[in-house]
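Please read them with the coordinates open.

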Amino acid sequence: MERKESFIQHIQSGYSFKGDALELGTALLDGVPQPGANVRIPLKTLNRHGLIAGATGTGKTVTLQIIAEQMAAKGIPVLLMDLKGDLSGLAAAGTFNEKIEERHQAIGIPYEAKASLVELLTISNEPGTRLRATVKDFGPVLFSKMLDLNDTQSGITAIIFKYAEENKIPLVTLEDFKDLMRFATEGGKVEITKEYGKVSEASVATILRKIIELETQGAELFFGEPAFNVFDLVRHQDGRGYISILRLTDIQSKPKLFSTFMLEMLTKIYNTFPEAGDLDKPKLCVFIDEAHLIFNEASKALLDQIESIIKLIRSKGIGIYFCTQNPYDIPEAVLSQLGLKVQHALRAFTEKDRRAIKKTADNYPISEYYKTEELLTSVGIGQALVTALNEKGIPTPLAAVHLRSPESRMGVLNSEEIQSVLHNSQIKDRYEKSIVVDTAEQWLLRNKPLQPEPAKPQKGSTRTKEKPAPSAFDVFDKQTKAASRTINTVGRFINIAKTVMKFFGGNTKK
């Protein structure tokens with residue numbers, strides 16, 4: 001009894017805050033939930049980012065749903081990347097049953113079934129409000145990193161962006177960029193070489209191939225107008241925040257498109273949102289499910305860009321949360337920035353798995369109540385190891401938590417329910433139709449007629465110097481010489497005719 005009371009006091013002292021907080025569940029001691037030992041996360045620290053990790057089937061997605069719906073209920077807008085398609089149920093109220101009743105009696109937290117405010121978004125052919133961005137929005141640096149270009153190729157990309165900017169040429173779609181690339185090596189080669197330097201045809205061909213690779217993953221649907229306004233992600237209604245669910249079920253096999261979108265979105269948010277300082281709660285929290293898809297396929301330049309944004313974006317009041325199977329799917333530079341860690345069970349099938357478990361256990365605070373390494377393989381479904389930051393930014397004690405149930409549906413919406421959500425959208429009509437005001441090709445046809453470069457001399461031939469324009473005296477001299485040559489030619493013909501006539505005349509007399 002003394003150990004139990006000491007444990008409850010230990011958890012209460014670590015997770016008791018003055019400000020508002022999310023309530024995840026109740027701490028476990030020897031596998032049993034301890035009512036009163038509630039695990040709470042202060043809203044003030046939610047911009048310090050987080051991680052939800054664990055093996056397949058241990059409840060990561062449900063935990064993501066619990067945290068997201070509580071954030072929204074507390075007035076924090078949320079953006080969810082839904083790659084498996086099982087988060088749309090947030091838009092419908094949950095169903096109370098015996099299992100939920102049993103769980104909530106054990107943890108001592110009341111249960112109320114309710115739906116969240118949801119906006120369905122898409123960058124592919126999934127139903128939803130269309131998200132688009134222009135090539136110009138990326139800028140030459142981010143665009144080059146996205147395509148994993150070398151320094152020479154990045155320099156050419158910078159030239160294209162600069163030329164488009166100075167000449168006010170539309171740079172909206174990938175086709176616009178490709179048209180300008182072709183122009184730089186064909187009709188506009190002389191002009192661009194004169195202004196910016198030589199553009200290598202081989203490098204242009206490489207860049208075009210990389211763009212085509214991106215297009216095969218469906219990127220042409222993403223690049224266009226109207227571009228999505230990121231402030232539409234931070235909407236509220238009746239004190240609750242909207243949960244924007246980006247449906248990406250057909251993107252899992254297209255990781256480059258996914259990482260491209262994610263980086264552009266985070267960069268735009270970072271560049272657009274003002275500095276916020278310390279807030280009582282974040283302006284927006286972003287959840288990236290299957291986060292390994294970003295990091296596995298990203299180039300080093302892209303990884304550096306992501307790491308830089310993660311480090312800086314919290315000052316704008318934005319929290320980023322990664323959901324993945326193994327915590328080491330996330331680069332260590334990013335992992336070190338995370339304040340909240342929710343670790344579901346890991347599996348120890350191989351020696352590599354066992355090393356990963358030991359390494360994971362070493363990253364958690366030492367606890368006299370838990371053997372962390374053993375706990376990592378033994379916590380059940382709907383249970384997880386949790387550590388966070390308190391209001392002063394100090395790590396909380398490690399707690400094995402019996403998690404609460406989601407208040408929304410643990411399942412997907414059917415097609416009729418999805419259409420109902422879309423019908424009630426306040427922003428869908430604004431982005432429904434693609435707008436094409438002008439294209440780079442049309443602009444070039446109007447303003448830059450083809451200017452073929454001078455023909456190159458054949459091998460072995462000698463290049464002749466360009467002659468100056470002839471003067472009036474030169475013209476008269478040429479005409480005089482031509483007339484003289486004509487007179488001489490006529491005179492020769494007359495003499496020849498006389499000779500022939502004499503010859504034939506002499507023969508006739510005989």
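1. D232 is buried in this predicted model, its relative accessibility being 10%. Its side chain forms a salt bridge with that of R430, with N and O 2.8 Å apart. D232 sits in the loop between α8 and β7 (236-237), while R430 belongs to helix α16 (residues 428-431), so this pair, 198 residues apart, links distant parts of the chain. R430 itself counts as partly exposed, because its relative accessibility of 49% is not over the 50% needed for exposed.

2. Further salt bridges share partners: E175, K178, D179, R182 and E215 are joined by them into one network. One of the pairs is R182 with E175, where the closest N and O atoms are 3.2 Å apart. R182 is partly exposed at 29% relative accessibility, and E175 is also partly exposed, at 38%. E215, another member of the network, is listed among the buried residues of α8.

3. A search of the whole structure gives 23 salt bridges. One of them joins the side chains of K114 and E407, at 4.0 Å from N to O. What does this pair tie together? K114 is in the loop between α3 (98-107) and β5 (118-122), and E407 is in the loop between β14 (399-403) and α15 (415-423), so the bridge ties together parts 293 residues apart in sequence. E407 has a relative accessible area of 13% and is therefore buried; K114, with 33%, is partly exposed.

4. Helix α8 (residues 201-215) has 15 residues, which at 1.5 Å a residue should span 21 Å; its end C-alpha atoms are 21 Å apart, in agreement. At the start of the helix, a side-chain oxygen of S200 comes within 3.3 Å of the backbone nitrogen of A202. The buried residues of α8 are S203, V204, T206, I207, L208, I211, L214 and E215. Residues three or four places apart in an α-helix point the same way, because there are 3.6 residues a turn. Pairs such as V204 and L208, or I207 and I211, can be checked against this in the list of buried residues.

5. N150 caps the N-terminal end, with a side-chain oxygen 3.1 Å from the backbone nitrogen of T152. After the helix comes K168, which has a positive phi, near 55°.

6. Which residues of α5 are buried? They are Q153, I156, T157, I159, I160, F161, Y163 and A164. The helices they pack against are α4 (135-147), α6 (174-185), α7 (189-196) and α8.

7. A400 is in strand β14 and is buried, with a relative accessible area of 2%. Leaving out residues up to four places away in sequence, A400 touches T26, A27, L28, Y370, L375, A384 and L385.

8. T63 is a residue of helix α2 (residues 60-73). At 4% relative accessibility, T63 is buried. Beyond residues up to four places away in sequence, it touches I52, V342, H344 and L403.

9. How many disulfides does a search of the whole structure find? The search finds 0. As for individual cysteines, C285 is buried at 0% relative accessibility, and C323 is buried with a relative accessible area of 2%.

10. On confidence, the mean pLDDT of the chain is 85, and 85% of the residues reach 70 or more. Over residues 461-467 the pLDDT is below 50, and this stretch has 1 contact in the model beyond near neighbours in sequence. Residues 471-477 also have pLDDT below 50, again with 1 contact beyond near neighbours. Where pLDDT is low, the predicted coordinates should not be read in detail.

Definitions and conventions: Residues are numbered from 1 along each chain as its sequence is written. This is a predicted model: local features need pLDDT of at least 70, side-chain atom pairs count only at pLDDT 80 or more; totals for chains, interfaces and linings use all residues. Side-chain values use heavy atoms; hydrogens and water are left out. Helices (H or I, at least four residues) and strands (E, at least two) are DSSP runs, numbered from the N terminus. The expected span of a helix is 1.5 Å times one less than its number of residues. Buried means under 20% relative accessible area, exposed over 50%, partly exposed in between (1.4 Å probe, protein chains only). A polar contact is a pair of N or O atoms within 3.5 Å; within protein, one must be able to donate a hydrogen and the other to accept it, and residues adjacent in sequence count only if both atoms are side-chain atoms. pLDDT is the predictor's confidence in each residue, from 0 to 100. Contact means heavy atoms within 4.5 Å. A disulfide is a pair of cysteine sulfur atoms within 2.5 Å.
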